[in-house]
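Here are my notes on the model, as requested.

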Amino acid sequence: MLGSLLFVLSQVVLASCLNHAVYNERRPERVMGGQEAAKHRWKWQVSLQMAYDDDPDYFYHLCGGTLVSSAWVLTAAHCVEFTGITYRAAFAEHDLFEDDGTEYFIAVDQIVVHEKWNNTNIANGYDIALLRLSESAHDNGYVAIGRLPGADDILPAATTCYVTGWGVTQVGGGVPPKLQEAQLSLVPISICSQPDWWGKDARDNMICAGGDGVKSGCSGDSGGPLSCYSSGAWEVHGVVSYGLVPFCSTFQKPTVFTRVSAFTDWIYSVIRDGR
């Protein structure tokens with residue numbers, strides 16, 4: 001009964017997030033066409049959760065995130081524009097509706113949104129934010145800091161990448177309780193920016209992945225990582241940003257991510273300055 005109630009309430013929050021963040025027919029994203037991820041495979045994956053100030057004891061999944069230092073979580077700017085709510089980050093989470101005994105939660109005490117973010121047009125780019133935690137995250141065997149790419153590192157199209165999150169898995173469906181993953185092929189910006197793809201809405205500080213009409217990110221995955229295997233290790237190369245409404249798995253409309261390597265210097269400067 002409690003699980004069903006949480007499921008319904010999380011859908012209300014998800015709908016609120018979607019309605020708030022639709023710009024020019026673009027919408028924050030969720031995993032479609034994927035599968036349940038192996039438990040704790042993606043140790044840097046965070047569930048960004050929210051509670052209304054008038055009901056502070058009940059938190060619901062809102063977006064994804066990536067642990068990038070012991071005190072900071074990387075997410076999308078459009079995930080943290082709400083007022084009258086409290087945010088927290090969930091670590092070592094797998095099943096949102098079950099206590100696995102591995103997860104723990106830390107409050108967010110500061111939000112830093114990129115200064116060039118424009119919330120009137122999500123496709124303008126700079127959809128990136130950092131969240132400072134009220135205390136340091138710790139490695140309990142199920143948590144790890146995500147490895148970031150070098151500045152302006154751009155991967156070839158053949159690179160293996162996965163989008164992960166708790167976003168809804170079908171149009172009109174609910175959020176899955178368990179973390180999902182989907183393997184996506186990278187699409188070069190030179191192709192993604194063609195008129196029959198995303199056109200001018202695909203910019204150099206973004207990554208396009210998918211577009212086969214089967215697998216994609218979608219609502220509830222926003223802010224989560226695109227993890228790519230490069231140079232012998234998994235690196236976080238993208239932050240889930242937007243896709244096409246009402247269908248996320250659309251041919252030649254791949255999931256669009258904020259390209260982390262375009263903001264590596266910004267990320268490290270915020271962490272260093274503690275601002």
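Predicted model: local features only at pLDDT ≥ 70, side-chain atom pairs only at ≥ 80, totals over all residues.

1. Four disulfides are present in the structure. When the bonded cysteines of the protein chain are numbered in sequence order, they pair as 1-2, 3-7, 4-5, 6-8.

2. Cys63 is bonded to Cys79, with 2.2 Å between the sulfur atoms. The S-S torsion of Cys63 and Cys79 is about -90°, so this disulfide is left-handed. Cys63 belongs to strand E4 (residues 60-69), while Cys79 sits in the loop between strand E5 (72-75) and strand E6 (85-91), so the bond ties together parts that are 16 residues apart in sequence. Both Cys63 and Cys79 are buried.

3. Cys161 and Cys228 are joined by a disulfide with an S to S distance of 2.1 Å. The torsion about the S-S bond of Cys161 and Cys228 is 110°, and the link is right-handed. Cys161 is part of strand E9 and Cys228 is part of strand E12 (residues 225-230), so the pair ties together parts that are 67 residues apart in sequence. Cys161 is buried at 0% relative accessible area, and Cys228 is likewise buried at 0%.

4. The sulfur atoms of Cys192 and Cys208 lie 2.0 Å apart in a further disulfide. With a torsion of -80° about the S-S bond, the link of Cys192 and Cys208 is left-handed. Distant parts of the chain are linked by this pair: Cys192 is in helix H2 (residues 189-192) and Cys208 in strand E11 (residues 206-209), 16 residues apart. Cys192 and Cys208 are both buried.

5. Seven salt bridges are found in the structure. One of them pairs Arg147 with Glu235, where the closest N and O atoms are 3.3 Å apart. Arg147 lies in the loop between strand E8 (129-133) and strand E9 (160-165), and Glu235 lies in strand E13 (residues 233-244), so the pair ties together parts that are 88 residues apart in sequence. Arg147 is partly exposed, at 39% relative accessible area, whereas Glu235 is buried, at 5%.

6. Which residue forms a salt bridge with Asp152? The partner is Arg259, and the closest N and O atoms are 3.8 Å apart. The pair connects distant parts of the chain, with Arg259 in strand E14 (residues 255-259) and Asp152 in the loop between E8 and E9, 107 residues apart. Arg259 has a relative accessibility of 9% and counts as buried; Asp152 is exposed, with a relative accessible area of 54%.

7. Asp273 and Arg272 also form a salt bridge, their closest N and O atoms being 3.4 Å apart. Asp273 is partly exposed, at 45% relative accessible area, and Arg272 is exposed, at 61%.

8. The largest nonpolar core contains 59 residues, and Tyr87 and Phe91 have the most contacts inside it. Leaving aside residues up to four places away in sequence, Tyr87 touches a set of residues including Leu48, Met50, Phe59, Leu62, Cys79, Phe82, Val108 and Ile111. Another core, of 13 residues, lies apart from the largest one, and among its members are Leu155, Cys161, Ala209 and Val240.

Methods:
Residues numbered from 1 in each chain as written. Heavy atoms only, no water. Salt bridge = Lys/Arg side-chain N within 4 Å of Asp/Glu carboxyl O. Helix = DSSP H or I, 4+ residues; strand = E, 2+ residues; numbered from the N terminus. Buried < 20%, exposed > 50% of the residue type's maximum accessible area, 1.4 Å probe, protein only. Core = buried A, V, L, I, M, F, W, Y, C linked by side-chain atoms within 4.5 Å. Contact = heavy atoms within 4.5 Å. Disulfide = S-S within 2.5 Å.
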